Amino acid sequence: MEELIRAALRARGNAHAAYSGFQVGAALEDDAGRLHTGCNIENSTYGLTVCAERVAVFKALSEGARAFRRIAVAAGGDILTPPCGACRQILWEFCRDIEVVLVNLKGERETLRLSALLPRPFDDSFLR
Ligand code: THU
């Protein structure tokens, strides 16, 4: 857990948050124990910004990882930052009901299941 959190905090340092100034880092642990990190990458068009969580998920998938245990999300601020709606949907698609560990720079943390953040999700089960 400590290594996962350290990786998310380290990844936060690579954030390209030139417009919001809000830096976020994520670390996703796969079922082999490997860590895949991400940071938010903003864009001058704003709408093309990609969140830290999605960068981590897509990096992991592109490296061949397919099953995941947990993700840590690190951001500043007093209130722990949860994944946005788009990231919750992407996390559900590829990681299902994983543990989500929220951390801030004060060392505060909270662990919850994705299903608590995304109740009644839409997924491929509706397409069968
Ligand atoms: N952001 C993330 O990277 N992850 C979150 O969980 C919330 C928001 C980013 C997107 C944008 O670059 C900045 O934070 C402000 O919304």
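Me: Which residues is Asp97 in contact with, leaving aside its neighbours within four places in sequence?

Reply: Asp97 is in contact with Trp92, Arg113, Leu114 and Ser115, where contact means heavy atoms within 4.5 Å. This is a predicted model, in which local features need pLDDT of at least 70 and side-chain atom pairs count only at pLDDT 80 or more, while totals for chains, interfaces and linings use all residues. Residues are numbered from 1 along each chain as its sequence is written, and side-chain values use heavy atoms, with hydrogens and water left out.

Me: Why is Asp97 called partly exposed?

Reply: Buried means under 20% relative accessible area, exposed means over 50%, and partly exposed is in between, with a 1.4 Å probe and protein chains only. Asp97 has a relative accessible area of 29%, so it is partly exposed. Its place is in the loop between helix 3 and strand 4; helices (H or I, at least four residues) and strands (E, at least two) are DSSP runs, numbered from the N terminus.

Me: What makes Arg113 partly exposed, and which residues does Arg113 touch?

Reply: The relative accessible area of Arg113 is 43%, and therefore Arg113 is partly exposed. Arg113 is placed in strand 5 and touches Asp97, Ile98 and Glu99, not counting residues up to four places away in sequence. The C-alpha atoms of Arg113 and Trp92 are separated by 11 Å, with the two residues 21 apart along the chain.

Me: Why does Glu42 count as buried?

Reply: Glu42 has 10% relative accessibility, so Glu42 counts as buried. Glu42 lies in the loop between strand 2 and helix 2. Not counting residues up to four places away in sequence, Glu42 touches His16, Ala17, Ala18, Tyr19, Ser20, Phe22 and Thr49.

Me: What phi does Arg96 take, and why does Arg96 count as partly exposed?

Reply: Arg96 has a positive phi of about 50° although it is not a glycine. Arg96 lies in the loop between helix 3 and strand 4. At 31% relative accessibility, Arg96 therefore counts as partly exposed.

Me: How do you know that the buried residues of helix 3 line one face?

Reply: In helix 3 (residues 85-95), Cys87, Arg88, Leu91, Trp92 and Cys95 are buried. Seen down the axis of helix 3, these buried residues fall within an arc of 140°, so they line one face of the helix. The arc is that of the directions from the helix axis to the C-beta atoms. An α-helix has 3.6 residues a turn, so residues three or four places apart point the same way. What covers the buried residues of helix 3 includes strand 1, helix 2, strand 3 and helix 4.

Me: Which residues of helix 1 are buried, and why are they said to line one face?

Reply: Leu4, Ile5, Ala7, Ala8, Ala11 and Arg12 are the buried residues of helix 1 (residues 2-12). Seen down the axis of helix 1, they fall within an arc of 160°, so they line one face of the helix. The face turned away from the buried side carries the exposed residues Glu3 and Arg10. The buried residues of helix 1 pack against strand 1, strand 2, strand 3, strand 4 and strand 5.

Me: Why is helix 2 called mostly covered?

Reply: Eight of the 11 residues of helix 2 are buried. These are Ala52, Glu53, Arg54, Val55, Ala56, Val57, Ala60 and Leu61. They pack against strand 1, strand 2, strand 3 and helix 3.

Me: What makes helix 2 roughly parallel to helix 3?

Reply: The axes of helix 2 and helix 3 come within 9 Å and cross at roughly 25°. That makes helix 2 roughly parallel to helix 3, because angles under 35 degrees count as roughly parallel, over 145 as roughly antiparallel, 65 to 115 as roughly perpendicular and the rest as oblique. Axes are lines fitted to C-alpha atoms, for helices over the stretch in contact, and angles run from 0 to 180 degrees between N-to-C directions.

Me: Which residues meet where helix 2 contacts helix 3?

Reply: Glu53, Arg54, Val57, Phe58 and Leu61 in helix 2 meet Ala86, Cys87, Ile90, Leu91, Phe94 and Cys95 in helix 3. The residues of this contact divide into nine nonpolar, no polar and two charged. Ala, Val, Leu, Ile, Met, Phe, Trp, Tyr, Cys and Pro count as nonpolar, Asp, Glu, Lys and Arg as charged, and the others, Gly among them, as polar.
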